[in-house]
Amino acid sequence: MSDQTRFLLNETDLPKCWYNVMADSPLPPTPVLHPVTLEPVTPDFLSVLFPMELILQEISAERYIDIPEPVREIYKLYRPTPLHRARRLEQALGTPAHIFFKNESVSPAGSHKPNTAIAQAFYNKAAGTKALTTETGAGQWGSALALACNFFGLDLEVYMVRVSYDQKPYRRIMMETYGAQVFASPSERTQFGRLLQAKDPESPGSLGIAISEAVEVAATSGGAKKYSLGSVLNHVLMHQTVVGEEALKQMEMAGEYPDVIIGCVGGGSNYAGLAYPFLRQNLKGGKRTRFIAVEPTATPSITKGAYAFDYGDTAKMAPIVKMYTLGHSFVPPSIHAGGLRYHGMAPSMSAFCKAGLMEAIAVPQLTTFEAAVQFARAEGIVPAPETAHAIRVAIDEALDAKEKGEKRVILFNFSGHGHFDLSAYQAYLSGKLEDYAYPAEEIQAAMKDLPQVVA
Ligand SMILES: *Cc1c(COP(=O)(O)O)cnc(C)c1O
């Protein structure tokens, strides 16, 4: 037992429910506002974009929601995922800390994202939706949703942030293999995309812009197409809690409990998925785990943004939520961790950070690749550039424990592998990777555009 490296659950241990942290949150929920009226949204407005079952999950106060059997059946293609003890990394660091990671890179799409993609495709199919539209940054979300839509016989249109579309052609081919249509964003297919192309033909795009295009297509489709979001919203974070529910059981198998839990954050979903079931144990079970969300210094929404009401997208078509934001018009520098290039943060995670129930830290790009390579050489798996942010801070925690002579138990989410990100590794290994300075002026300018909401 004592030298076990991987902790594996059986198919019968696959969670039967998702966990809704809102049921245990000590903080009042914040309203979701209409982007034009700035009044609380009605289900009518949301139903243009989402099927009713997902809208109900979005506002639910139920602690647990049953995972439909067809969703569990598809989860079984890759779940339960393994929990690893990173023994070789511990040895390389010479740390007394115990480092564990939950390996979500074993899904067919290579990340945690199918956990919600499969659920969203299922509920859309059940509601009679014919096609979905979505955005993708690095291509991880697009490939996860393409996989899911394929299983449920739904068409899919993906608006892919241009800089990633150019840097990562293989992700696009993977989406097309599953049967999706992929367009570089800003595109010629939407009013908003054409407007941006006229203003700046060289625009690298951003998640905020791609969301606007996908939302515009769904909203103007007369009901045939619905929109699907891969992060940020309550129902997305909830679908990811299968990660943490499994990890709770696996830490018990290892006979340990985490002192600190770490994850990278773009919109917050992979980290919430791992963290929220453990946060429940803090809120109700008397545990005192520290939670650290890691973001890039290039898009430091929690550490440098405002806690304010802001639009979810750049074109101000998506609902307004209260969150840490850099401003909806902020276009982040073109870092390789495309999945972390988002101006906002999940409202629940924003609120938990604001209240001091979770912490956040921002790390620069170069040090994340240094950590990723160290991890790959110790544990064998090449991490996604997003995941490398979590690894950076997990290593820093392990080194801090070494300095203090503490046996700290560290758990982080291995959100995805980097097999499609090798051009980024090539840049790093050849010394060509740059660190982006904190985009202070751009953020200051974007902050002037926050909607004036009288709370
Ligand atoms: C999309 C993605 C992220 C960031 O999104 P979250 O919603 O914050 O989880 C992190 N890691 C990987 C591998 C991703 O694909």
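Helices (H or I, at least four residues) and strands (E, at least two residues) are DSSP runs, numbered from the N terminus. The views show a predicted model, in which local features need pLDDT of at least 70 and side-chain atom pairs count only at pLDDT 80 or more, while totals for chains, interfaces and linings use all residues. Residues are numbered from 1 along each chain as its sequence is written, and side-chain values use heavy atoms, with hydrogens and water left out.

View 1. Leaving aside residues up to four places away in sequence, R408 touches A97, H98, D259, V260, E397, D400 and A401, contact meaning heavy atoms within 4.5 Å.

**View 2. An open sheet of four strands in the order 8-7-6-9, with parallel pairing.** Strand 8 (181-185) and strand 9 (225-227) are the edge strands, each pairing on one side only, where pairing requires that DSSP finds at least two bridges between two strands.

**View 3. Strand 7 (residues 155-161) beside strand 8, paired in the parallel sense over five bridges.** Within this pairing, E157 stands opposite Q181 in strand 8.

**View 4. Helix 6 (residues 140-152) lying across strand 6 (131-136) and strand 7.** Helix 6 runs at about 160 degrees to strand 6, with axes fitted to C-alpha atoms, for helices over the stretch in contact, and angles from 0 to 180 degrees between N-to-C directions.
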